[in-house]
Amino acid sequence: MKVHLIDGTYELFRHFFGMPEASDAEGREVGAIIGVLGSVLGMLEAGATHIAVATDHVVESFRNELWPGYKTGEGIDPRLFAQFHPLEDALRAMGVVVWPMVELEADDGLASGAWLADQDPRVEQVLVCTPDKDLSQSVRGNRVVQFDRRKREVRDEAGVIEKFGVPPTSIPDYLALVGDSADGYPGIKGWGAKSAGAVLARYQHLEAIPTSSAEWVVAVRGAERLSAMLEAHREDAVLFRTLATLRTDARLFRNVDELRWLGPSPTFELVAGRLRAQGLWDRAGHCAQRTRI
């Protein structure tokens, strides 16, 4: 079997900005919800059987206590923010497993789910459906991969190395150096993708990088300046790595069979009606019939 793990928050943002506006029976904006539901149904229609969606039930997490500049819900369009929780309810009604993360983030949910699914020898492949670079740390060989559904690109371990210059285990160190503007931490001044990739390809982790560039056995432009900046801000680098390291200890399910889609619940017809998207109910029913659920 293949397991599909979806970044629900990313999908909601993607459809909010990519779908036409739509209002439910009470006049509330629901275009992004309809888009995500239709997208997930498309995966089921294409043959996905075991599927789960991780969401940011709240935007803030334990990382906000570690770094004051870490991302918050500030600035999110209220019309988008108002669709967060209704999406979770709609997905559940459609019969899809949802992991609403509170102290952890949706990315932690995906990383934890991938780790758990990877333990089951019956699982042929785990597809983590998000382009977010921090999820590259969860990739393992060709068994746990990233799947960018918009570009239809699959990134396995060789693909991670090709893109970043480092293996999945070094992605948190890489992000610590280059930063992540989407998550709100800056990295170490002067370090960019090329320099971080080149140095970490040799040393793998921050602790192994020699304190003096004179000891480096890799040629990097501006090595002396980069080394000095890292030494001056090594504590920050370690903190940023902590921010970038995804948690894998969320016990989201006991058995991968819990992720099998068993068709929509009867309440999904009401949900689709309220969304003024009756076609979703029809599609879900036809999909369930075709898979003989």
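**The core and what surrounds it**

Author: Happy to. The largest nonpolar core has 41 residues, and Leu-37 and Leu-91 touch the most other members of it. Keep in mind that this is a predicted model.

Reader: Which helices and strands each supply at least two residues of this core?

Author: They are α1, α2, β2 (50-56), α5 (84-93), β4 (125-129), β5 (144-148), α12 (267-274) and α13 (278-290). Of these, α2 gives the most, with 9 residues.

Reader: And what is Leu-37 in contact with, leaving aside its neighbours within four places in sequence?

Author: Leu-37 is in contact with Ala-90, Leu-91, Met-94, Phe-268, Leu-275 and Leu-280. There is also a second, separate core of 28 residues, which includes Val-139, Ala-196, Ala-223 and Ala-237.

Reader: Nice. Now helix packing: at what angle do the axes of α1 and α2 cross?

Author: Roughly 120°, with the axes of α1 (residues 8-18) and α2 (residues 31-45) coming within 8 Å. The two helices are therefore oblique to each other. The crossing of α1 and α2 is right-handed.

Reader: Which residues make the contact?

Author: From α1 you have Glu-11, Leu-12, Arg-14, His-15 and Phe-16, and from α2 Ala-32, Ile-33, Gly-35, Val-36 and Ser-39. They divide into 5 nonpolar, 3 polar and 2 charged residues.

Reader: What about α8 and α11, at what angle do they pack?

Author: About 125°, and the axes of α8 (residues 171-178) and α11 (residues 234-244) are 8 Å apart. That makes α8 oblique to α11. This crossing is right-handed.

Reader: Which residues of α8 and α11 meet there?

Author: Pro-172, Asp-173, Leu-175 and Ala-176 of α8 meet Ala-237, Phe-240, Arg-241 and Ala-244 of α11. By type, that contact holds 6 nonpolar, no polar and 2 charged residues. Ala-237 also turns up in the second core.

Reader: What follows α9?

Author: Gln-204 does, and its phi is positive, near 70°.

Reader: I always check backbone angles. Where does Arg-152 lie, and what is its phi?

Author: Arg-152 lies in the loop between β5 and β6 (153-155), and its phi is near 60°, a positive value in a residue other than glycine. Arg-152 is exposed, because its relative accessible area is 60% and the cut-off for exposed is over 50%.

Reader: And Arg-276, buried or exposed?

Author: Arg-276 is exposed, with a relative accessible area of 57%. It is found in the loop between α12 and α13, and has a positive phi of about 60° although it is not a glycine.

Reader: Switching topic: is His-4 buried or exposed?

Author: His-4 is buried, with a relative accessible area of 12%. It lies in strand β1 (residues 2-7). Not counting residues up to four places away in sequence, His-4 touches Met-43, Ala-48, His-50, Ile-51, Ala-52, Leu-127 and Cys-129.

Reader: What about Val-102, where is that found?

Author: In the loop between β3 (97-101) and α6 (106-118). Val-102 counts as partly exposed, at 44% relative accessibility. Leaving aside its neighbours within four places in sequence, Val-102 is in contact with His-57, Val-58, Glu-60 and Ser-61.

Reader: How many residues apart in sequence are Val-102 and Ser-61?

Author: They are 41 residues apart in sequence, and 6.6 Å apart in space from C-alpha to C-alpha.

Notes:
Residues are numbered from 1 along each chain as its sequence is written. This is a predicted model: local features need pLDDT of at least 70, side-chain atom pairs count only at pLDDT 80 or more; totals for chains, interfaces and linings use all residues. Side-chain values use heavy atoms; hydrogens and water are left out. Axes are lines fitted to C-alpha atoms, for helices over the stretch in contact, and angles run from 0 to 180 degrees between N-to-C directions. Helices (H or I, at least four residues) and strands (E, at least two) are DSSP runs, numbered from the N terminus. Angles under 35 degrees count as roughly parallel, over 145 as roughly antiparallel, 65 to 115 as roughly perpendicular and the rest as oblique. A crossing is left-handed if the near helix is turned anticlockwise from the far one by less than a right angle, and right-handed if clockwise. Contact means heavy atoms within 4.5 Å. Ala, Val, Leu, Ile, Met, Phe, Trp, Tyr, Cys and Pro count as nonpolar, Asp, Glu, Lys and Arg as charged, and the others, Gly among them, as polar. Buried means under 20% relative accessible area, exposed over 50%, partly exposed in between (1.4 Å probe, protein chains only). A nonpolar core is a set of buried Ala, Val, Leu, Ile, Met, Phe, Trp, Tyr and Cys residues joined through side-chain atoms within 4.5 Å.
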